[in-house]
Protein chains: 2
Amino acid sequence: MQVHEMKKELSVLQSSLHAYEHAMAVMRADSETGAPSASAAARGETMAFLNQKSYELLVSDHTRELLDGLWAQKEELDGDVLRQVELLRKNLDDMTRIPVEEVAEHSRLRNASLGAWLQAKANNDYASFEPYLAKMIDAERRFAAYKDPSRPAYDVMLDSYEKGMCTAILDPFFSMLRSEIVPLIEKVRTLPPPPAIAACSIDRQRDFSACLMDIIGVDRTRCALAETEHPFTISMNRWDVRITTHYYEDALLSSVYSVMHEGGHAQYELGVSETYQGTVLGSISSTGLHESQSRFYENLIGHDAGFLAFLLPKLKEYFPEAMADVTERSLFCTANHVEPSLIRIEADQVTYPLHIMVRYELEKQLVAGTLTTKDLPEAWNRLYKEYLGLDVPTDALGVLQDMHWGGGMIGYFPTYALGSAYASQILHAMKKDLDVECLLRTGDIAPITAWLNERLHRWGDRYDPAQLLEMTTGEKFNPSYYVAHLKKVVADLIG
Amino acid sequence: MQVHEMKKELSVLQSSLHAYEHAMAVMRADSETGAPSASAAARGETMAFLNQKSYELLVSDHTRELLDGLWAQKEELDGDVLRQVELLRKNLDDMTRIPVEEVAEHSRLRNASLGAWLQAKANNDYASFEPYLAKMIDAERRFAAYKDPSRPAYDVMLDSYEKGMCTAILDPFFSMLRSEIVPLIEKVRTLPPPPAIAACSIDRQRDFSACLMDIIGVDRTRCALAETEHPFTISMNRWDVRITTHYYEDALLSSVYSVMHEGGHAQYELGVSETYQGTVLGSISSTGLHESQSRFYENLIGHDAGFLAFLLPKLKEYFPEAMADVTERSLFCTANHVEPSLIRIEADQVTYPLHIMVRYELEKQLVAGTLTTKDLPEAWNRLYKEYLGLDVPTDALGVLQDMHWGGGMIGYFPTYALGSAYASQILHAMKKDLDVECLLRTGDIAPITAWLNERLHRWGDRYDPAQLLEMTTGEKFNPSYYVAHLKKVVADLIG
């Protein structure tokens, strides 16, 4: 076949794979929003069918020949197409290395394990979940060996969420973070508790979310907001992104920050170049860079003193009674309040990385086999005492709080901390080009998004994360900006 | 191949076709509810891809051989499997007879025509839509000739929405209806206008919808309610049905009756036998029988004096202020008020069939070629004057009000009137087994739904509509019960 014919086939292959992904993403989003509760089993069968069709299309002699054929003539391909072939070959290799029966068995185990986790969390009964967790860790370790037997299993796992990530990078990162953050927490321990914000009607909070999406420039013709227990972002393509939030009368800032967090994820997806849509370059695979954008909008924009001063009059307009006594200073202190707590997803940005460190230490040992799942709760509680100074009263508020491990997502947690560090590094670079302080004070977010789009969003999966971070910021991964940011938050709180 | 092997393949074929249908149905429902406005074009491509895959699966030599192989041994098949083979062969034949290029061209024309209709309706500009309508009618006529050149085109169209339906049945049906209804309208023309219901908060209306679904027994774990401009029902399977409604502060009964109407459609889909799920027997193809169930719950239950008396205390509980002065009698008169009007979807149940008759007369002539699309508005206005005594002030309130013709749905309208007539015939049969009057007065709908399920719902597409109607009611189509029902409504209004 001629190269131009193969390129045409490559394009059809990718748009077909994308169509299956698109349908499954709609079904996933719908399952969390519009679908009735009894619909899950039948939907599971249809999604398994679509997944199977997509698998058969990729893992076939025909596709293998096409990709090998293109690879053999790689000097004739432009960079975009070469990258597409590379990524597809990698996907195909990864899928081929794991025996098909084990993939199906893994999917069943994962469902059972997640079910057991949900039950165990509700009943505060770690023992009932422990055998599933042990099996999940075994399975993930085995899969890592299939993918790359030459490297430590945990590094292979880390790599699957953030290409190129490994303990050689993370060990010094986390140890530096720990030595910097623990003294910070000491500094704020004696601050008086900030004033709470009074109850706000959920209907008004809904209206405010739309206003907030407009302020941060999330295009509402391409991004819809729904309501779910746990906020998330699902993207179909740059014309169709779904974000969700949850409203609590007594926690206005909870929905404000979940809209900004998911809104940041959405900006990334909405910004991927139109030419990459329907190709593998259209899906962002770096979990760390994705999290950097949610953290950028949530923390670096949303928690900024200047931006909060801009936001306050709008908040007073929507919630005149609840915000009557709130000042710029009190809003900043409430939004940025630092206090060690038990639950990761409720943590402030200063103590947050400590929650991640606990998980990083433990999953590293679990994979290495130096910690058993039986001993896990005790180790968890010991680290929470050591890092956060807290006694964990129950496993439900401890080791059972997150679904990740039960779902086989081992090596995922570090990307949450990486995301925050990337975000600060990106902000540092942005400040060379833009007067960010002034833009935040005036609520003028468009130039910030435009900068992020030009340097980062539009590239989709065109580059590996380390390379893209360097292109965006002009330097390699450098967590010092993150530490400086956290120090500044604490300094501003002390006043 | 052995019969048992072929039966196994038949089952896989059907569950695969069903999986594509399922995914597309979720995408359709989502497009009307959760999706952002700019998402349509990309979704269109993915749905076209899934549709193409489903088409390739059905219209293939392999499937043809399988179905012919089964057909050749039909004496060895049980009734369910035989019916599956019959329906699939019919689908395959219909699809094969129309050239593939024309199917694609038709889909493009339909999109353009619906776009032109939307514009024309907004601008009250029939002339801009007329050329599209002319082309749509030509295309539908051509398709009818492909399907069955031996029968009149309009009969072939009618048959595609209600198998076995034809002008030989509909002409006497409509002419009888007209002669009975016109005098009825004369009788109520002098009645005083009924009292209006005051404004009701939309939040309370939302709560009441859930209460109403529980009252009529629509299982909310399997049926979700959303909000759209125009209410509809979409079914994935018996575990997942979506209905929608629209709330207006000033029109409480509008949402009450749309929930009961769509709730009736939902009951039918939720009631199809579990053994038919994932097969062609699981999809109800009779538009008339489907409409009979929406009309049953909306009109024969919802507008019944006894049921309204049962409902009134609940309405007073949810809307104490708006319902303060409403009595059983005034609620009945408001709900059943009869008055000729211009818009079909807002018509009361007595004048409603006249709207259908206008469309039946006109589409029959359009297909026969005895009326041109150019002369259509004039003919429309003349019939509204003749049947309903009304002058049509603008085409937007006249010939442009419905999307059906612009979308190529010619032969669909009669099923709306048939549905109401079927519903009355079904009620007549039900009354032989149940004390319906007492059940409605006490709001005890479960035995009514159970009766409908046993006689009708569970059968899905197992039988042709005429046969199923006869099985359900013990007699052939008999519209006299419908006329008797309308006469009783008018008599009760006069008091």
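User: Where in chain B does N124(B) lie?
Analyst: Elements here are DSSP runs numbered from the N terminus: a helix is a run of H or I with at least four residues, and a strand is a run of E with at least two. In chain B, N124(B) falls in the loop between α5 (100-123) and α6 (126-147).

User: Before we go on, what kind of model is this?
Analyst: Residues are numbered from 1 along each chain as its sequence is written, while chains are lettered from A and ligands numbered from 1 in the order in which they are written. Local features need pLDDT of at least 70, side-chain atom pairs count only at pLDDT 80 or more, and totals for chains, interfaces and linings use all residues, since this is a predicted model.

User: Back to that loop: what is phi of N124(A) near?
Analyst: N124(A) sits in the loop between α5 (100-123) and α6 (126-147) of chain A. Its phi is positive although the residue is not a glycine. N124(B) also has a positive phi, of about 50°. For N124(A), the value is near 50°.

User: Does N124(A) count as buried, exposed or partly exposed?
Analyst: A residue is buried if 20 or more other C-beta atoms, placed from the backbone, lie within 10 Å of its own, exposed if 12 or fewer, and partly exposed in between. N124(A) has 13 C-beta neighbours inside 10 Å, so it counts as partly exposed.

User: Which element gives the largest share of the side of chain A that touches chain B?
Analyst: Contact means C-beta atoms, placed from the backbone, within 7 Å, and 32 residues of chain A are in contact with 32 residues of chain B. Elements giving two or more residues to the chain A side include α2 (40-58) and β3 (240-245). The largest share is eight residues, and it comes from α1(A).

User: Which residues have the most contacts inside the largest nonpolar core?
Analyst: A nonpolar core is a set of buried Ala, Val, Leu, Ile, Met, Phe, Trp, Tyr and Cys residues joined through C-beta atoms within 7 Å. The largest one has 260 residues. Among the residues that A23(A) touches are A23(B) and M27(B). Those with the most contacts inside the core are A23(A), I301(A), A23(B) and I301(B).

User: How compact is chain A for its 495 residues?
Analyst: Chain A has 20 helices and three strands. Its radius of gyration, taken over C-alpha atoms, is 23 Å, close to the 23 Å from the globule rule, which is 2.2 Å times the number of residues to the power 0.38. Chain A is therefore as compact as a globular protein of that length.

User: Which residue is the bridge partner of T233(A) in β3(A)?
Analyst: Strands pair if DSSP finds at least two bridges between them, and β2(A) and β3(A) pair in the antiparallel sense over four bridges. They form a hairpin with two residues between them, and five of the five residues of β2(A) are buried. In β3(A), the partner of T233(A) is I243(A).

Note on methods. Two residues are in contact if their C-beta atoms, placed from the backbone, lie within 7 Å. Lists of a residue's contacts leave out its neighbours within four places in sequence.
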